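Please read the following report alongside the sequence and the coordinates. It goes through sheets, a helix pair and several single residues in turn.

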Amino acid sequence: MKKRLSTRALALAAARNPWRTIAVWMVVAVLAAVAIGSLLSGALISGGNPINNPQSQRARDALQRDFPATAGAATTDIIVVSSQRYTVAAPRFRTLVRSLATEAGRASGVTGVQTYLSGGGARLVSRDRHATMIRLAIPNRQSASNGISTVISGVKGANATPGFAVSITGAQTVSQDINTLAKKDLSSGELRFGVPAALIVLLVVFGAVVAAFLPLLLAGVAIVVALAGVALLAHAFALSMFVTNILTGMGLALGIDYALFIVSRYREERGGGRDKLAAIATSGATAGRAVLFSGTTFVIAMFGMFLVPNEVMRSIAVGAILVGVFSVIAALTLLPAVLGLLGDRVDRLRVPLLGKRSLEPANPESRVWAAIVRAVLRRPWVGLLVPAAVLVLAASPIFGMHIGTTGVTVLPKSSESRQGYTALRRDFPGATAEPATIVVASGASNPGAHQALQHLRTTLASDPRFGPGTIRRSANGTAAVLSVPVAGDPTGSAAVAAVRQLRSTIVPADFRGTGAQVDVGGATSENIDYFDSVTRPAPYVIAFVIGLTFLLLMTVFRSLVIAGTAAVLNLLSVGAAYGLLVLVFQHGVGAGLFGFHHYPTIEAWVPLFLFSVLFGLSMDYQVFLLSRIKERYDQTGDTTGAVSFGVASTARIITGAALIIIAVFAGFASGQLIMFQQMGFGIGAALLIDATIIRSVLLPSAMHLLGRRNWYLPRWLGWLPRLEIEAEAAVEAPGPARVVMAEREAA
């Protein structure tokens, strides 16, 4: 008989050769750790630019091409030096400014320093002459990190000078602060909060210390190997620094989920009378295959983000896909090997009270959940319509969602960039580290274009949203650039609205008929292009994810109805999460209670990321639950009985898995970065809804009402390949349950 590769065969091979399998994984993990240590540091970028050549990028390219001498000197950051005691003419003031400028000029990546002592003029001095700006140019984001760190250290040292206050703000300072906070949130949120909380839930679910640590082991290995993959890819492609946070969170969530499914099925099979290898084989053929298909669904959902022409989204997709793939591989090979080695010792170190109850043999059904399901099925229409109405109501605020990007004003008040921004607004109300740049890339020598640029400068100087601008011309006169300050936070809604109008209305009106090519650049214009690049492809991403997951589920379960029901229910949970996200963060309902920032916009990448992740993660539960229902239905032909058994037998595991992921992402939500707060809250809310209302009420009600129609597949789709999840479940048990339980007690 020809052997074929299957999850059952993989599990058996690993279990029969445990030391060899574990040794291979140890070598891989060690090599991965070496790769991380030697390659990852400094390889990730702090930005997240669009890659579809938007207007802001064209303006940047034109500046570098036509103004090579000054492109590298464009201001990115500003040091504010002030003193209530001294004026800028005082020797001590001049000495401090000169020292700061010299130190900043030596820092890596700094290409320009401008002070009132070096020809900067009166515009760098405040009206009361008690404050000055030191303008810095740090244009290269790849080398900016070390340079801005050096400058910030110098600023902190100078701030200790008696009689002076020194602070810094600007694009690179903000990026540095976000990078620092992201690392801090990773350490304090995900690792210090998420992992211990996940362990507590695992102890409750398994009732044994050894079994509870297995999922964490699996997740840790998958995370390390995936991070090594990121370290390698980061030297070939631009990857955002946020990839490490997302990868770690997703690795914990997926690794724990997959191990939870397989270990719980293994313990159930042992309790039902199978010997060790037969239990591992059955776990591989059932829960293992469910893990394979749910992991495939997750990866498909993440691939949808490659449709977004943005470095942040593609970086997140790379990290999530890598950790998803390695989580599945580890679950199908490393975990069976460990189970083969441990056997019944997986139940060692039982937790008092919880340990005995978690090991009930033969009957995996939870009495509490079975009672809930029976109550739901007695009134299926109520169980269908009432929760659906509640979720639709929860989703209704989505129509008021404002997409944008957060900036310096939502960073903690203790951050360097926030303090510098406050000082800049106080001493130089009209100044900005990030002006708008209107670049006339060609045709600037045309008299009409020259006149239009002069008129534009006059118009913007009288507009309170902007300010007095300066015009520079290229050496050959074919290009020109007008730099104008933009009032307020460059990422704030007011600045974004002003620059949007500048790009769409004001500039085109002034240059109409001149034949000149004009693009608007600068930080605010870059932000506009950033969240446009993230939001505009959303319909295509949503269609891609829903379409492919629908096809996969239809193929796996050979049912058009099951796939359609799953898609609709997932959309309900995601929509409700979106609505709650808007309610809490935009409208501030309960924001103070959770310790969240109240801000009028939702970070641009969060909704699309949430959709892809939630669709992928919720399919974990969907596949795991439906596989048990299908298994029982194939045995009995009774849909209602199969639904009742499936929900009752998986509810404790699914609820535990959801609570673990909620705990992991609560670590994100407890951080200081609002983008991670929004992401953590959104994922937590959706999974809580999914594991309770969707899986325990809506899905059973819908399947009960549909009856045999659940398994409908048109004849013309009969050509679909057969990928039944439970096809290899029928492994004969070698003896009665009481013998196995006696062995377990003795162990």
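Predicted model: local features only at pLDDT ≥ 70, side-chain atom pairs only at ≥ 80, totals over all residues.

Residues are numbered from 1 along each chain as its sequence is written, and side-chain values use heavy atoms, with hydrogens and water left out.

Four bridges join E7 to strand E8 (residues 480-484), and the two run antiparallel; strands pair if DSSP finds at least two bridges between them. Helices (H or I, at least four residues) and strands (E, at least two) are DSSP runs, numbered from the N terminus. E7 and E8 form a hairpin with six residues between them, and in the turn Gly477 has a positive phi of about 80 degrees.

## The sheet around the hairpin

Contact here means heavy atoms within 4.5 Å.

Another open sheet of four strands has the order E2-E3-E1-E4, and its pairing is antiparallel. E2 and strand E4 (165-170) stand at the edges with a single partner strand each, so one side of each is left without a neighbour in the sheet. Neighbouring strands of this sheet are turned by 15 degrees against each other on average, direction ignored.

Six bridges join strand E1 (residues 77-82) to E4, and these strands run antiparallel; the bridge partner of Ile79 in E4 is Ile168. Helix H5 (residues 91-106) packs on the sheet, touching E1, E2, E3 and E4, and its direction makes about 10 degrees with that of E3. Helix H16 (residues 416-427) also packs on the sheet, where it touches E1, E3 and E4, and its direction makes about 105 degrees with that of E4.

## Crossing of H8 and H11

The axes of helix H8 (residues 209-233) and helix H11 (residues 311-332) come within 8 Å and cross at roughly 140 degrees. That angle makes H8 oblique to H11, given that angles under 35 degrees count as roughly parallel, over 145 as roughly antiparallel, 65 to 115 as roughly perpendicular and the rest as oblique. The crossing of H8 and H11 is right-handed: a crossing is right-handed if the near helix is turned clockwise from the far one by less than a right angle, and left-handed if anticlockwise.

Residues of H8 that make the contact include Leu218, Ala222, Ile223 and Val225, and those of H11 include Val318, Gly319, Leu322 and Val323. By class, the contact of H8 with H11 has 13 nonpolar, three polar and no charged residues, where Ala, Val, Leu, Ile, Met, Phe, Trp, Tyr, Cys and Pro count as nonpolar, Asp, Glu, Lys and Arg as charged, and the others, Gly among them, as polar.

## Single residues in helices and loops

Thr565 lies in helix H21 (residues 560-586) and counts as buried at 16% relative accessibility; buried means under 20% relative accessible area, exposed over 50%, and partly exposed in between (1.4 Å probe, protein chains only). Leaving aside neighbours within four places in sequence, Thr565 is in contact with Leu699, Ala702 and Leu706. Ala663, found in helix H24 (residues 639-669), also counts as buried, at 9% relative accessibility. Ala663 and Ile200 are 463 residues apart in sequence and 9.9 Å apart in space, C-alpha to C-alpha.

Arg129 has a phi near 65 degrees, a positive value in a residue other than glycine; its place is in the loop between strand E2 (112-114) and strand E3 (131-137), and at 43% relative accessibility Arg129 counts as partly exposed. Leu349, with a positive phi near 55 degrees, is placed in the loop between helix H12 (334-342) and helix H13 (354-358), and Leu349 counts as exposed at 57% relative accessibility.

## The chain as a whole

The protein chain has 26 helices and 10 strands, and buried residues make up 59% of its 747 residues.

How values were computed:
Axes fitted to C-alpha atoms, helices over the stretch in contact; angles between N-to-C directions.
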